[in-house]
Amino acid sequence: MSTSEAVAVAQVVDIDRYPLSDPGSRAWQDIVSRTRADLRETGCSVLTDFIRPQLRAVLESECAEIAPSAYSRIELVNAYNIATGTPLPEGHPGNTIMERGNAFVARDQIPVASIIQQLYTSREFQRFVADCFALPELHELADPLSGLTLNVIAPGRAHPWHFDVNEYTVSMLTQEATEGGVFEYCPNIRSATEENFDDVRAVLAGEGEHLVRRLTLRPGDLQLFRGRFSLHRVGTVRGDVARHSAIFAYSERPGVIGSPERARQLFGRVLPEHLGQAVRGDRLLD
């Protein structure tokens, strides 16, 4: 990491609480141990007040400024983000169709100097996140659109049940909704080798309440999440303020790119990178 990058991260992150520049220290080990325990038990961990308090207004304003660039289209989708109408067996959870009303600002529309870009590309931040996930290293997604995104959910809209294309998702709420917009998830409902369609189908049908957990997040909190294996959604936003959250997508393997169908759904465009032979970490449906 360059000196300038280290200074930038130290200015953004509350390093008194989260010592990104001091890997292996007692404070680092304590945080990593706690986070790993959370991930083992519930598939999710929240590091509160990760961003310095005096920068939360900057974080919010930077993201609010680019939010109008989000690709917004009300669309019918399934939990796997594969094309609706894909031939599937009767009773398959992929046959459950939901309305997706959230919008995404793609990575190539997010300013390089913004707080969320500084974090996403920081090797110190990546090293810290990798350690929290008990991995030797993490890689930025090779996908030029979905590696870093801003998720925008306008009042009256929601982000329905879905799985992530990347194994390890890191997110940060940057603007709270007036009401609603609660994050719900089903910890480790599937694995890299087992889809567990029965439980997924139960949740989609509203019959799997015992599998669902809920989180109340605040701007500046860092959320670490195994989104590839945990079905999740954001409930309907109410009031007059949209919900904004930055999504930092990493993979254990280099070269991971989303499918053309997913790129089309989320960003309204497909780039040449999506049409090649992308690296995938498993053989799950998506």
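Residues are numbered from 1 along each chain as its sequence is written, and side-chain values use heavy atoms, with hydrogens and water left out. Because the model is predicted, local features need pLDDT of at least 70 and side-chain atom pairs count only at pLDDT 80 or more, whereas totals for chains, interfaces and linings use all residues.

A search of the whole structure finds two cavities of 30 Å³ or more. A cavity is a set of points, on a 1 Å grid over the protein atoms alone, where a 1.4 Å probe fits but cannot get out, and lining residues have an atom within 4 Å of a point. The volume is the space filled by probe spheres set on the points. The largest cavity holds about 440 Å³ of space. Of its 30 lining residues, Phe104, His159, His162, Asp164 and Ile247 are the closest to its centre. Elements that each supply at least two residues of this lining include β6, β7 (159-162), β8 (168-175) and α7; helices (H or I, at least four residues) and strands (E, at least two) are DSSP runs numbered from the N terminus. By class, the lining comprises 13 nonpolar, twelve polar and five charged residues.

The second largest cavity has a volume of about 30 Å³. Among the residues lining this cavity are Asp143, Ser146, His274, Arg262, Ala263, Leu266 and Phe267.

In helix α7 (residues 260-267), Arg262, Ala263, Gln265, Leu266 and Phe267 are buried, that is, under 20% relative accessible area with a 1.4 Å probe and protein chains only. These residues lie on the same side of α7, because they cover an arc of only 165° around the axis, taken from the directions from the helix axis to the C-beta atoms. The buried residues of α7 pack against β2 (75-77), β3 (98-100), β4 (103-105) and β6 (148-153), contact being heavy atoms within 4.5 Å. Glycine 268, with a positive phi near 70°, follows the helix.

Arginine 190 is found in the loop between β10 (183-186) and α6 (197-204). This residue is buried, with a relative accessible area of 3%. A polar contact of 2.9 Å joins its side chain to that of glutamate 195; such a contact is a pair of N or O atoms within 3.5 Å, where, within protein, one must be able to donate a hydrogen and the other to accept it, and residues adjacent in sequence count only if both atoms are side-chain atoms. The side chain of arginine 190 also reaches the backbone oxygen of arginine 228, at 3.0 Å.

Conventions: Buried means under 20% relative accessible area, exposed over 50%, partly exposed in between (1.4 Å probe, protein chains only). On a 1 Å grid over the protein atoms alone, a cavity is a set of points where a 1.4 Å probe fits but cannot get out, and a pocket is an open set with protein on both sides within 12 Å along at least five of seven lines; lining residues have an atom within 4 Å of a point. Ala, Val, Leu, Ile, Met, Phe, Trp, Tyr, Cys and Pro count as nonpolar, Asp, Glu, Lys and Arg as charged, and the others, Gly among them, as polar.
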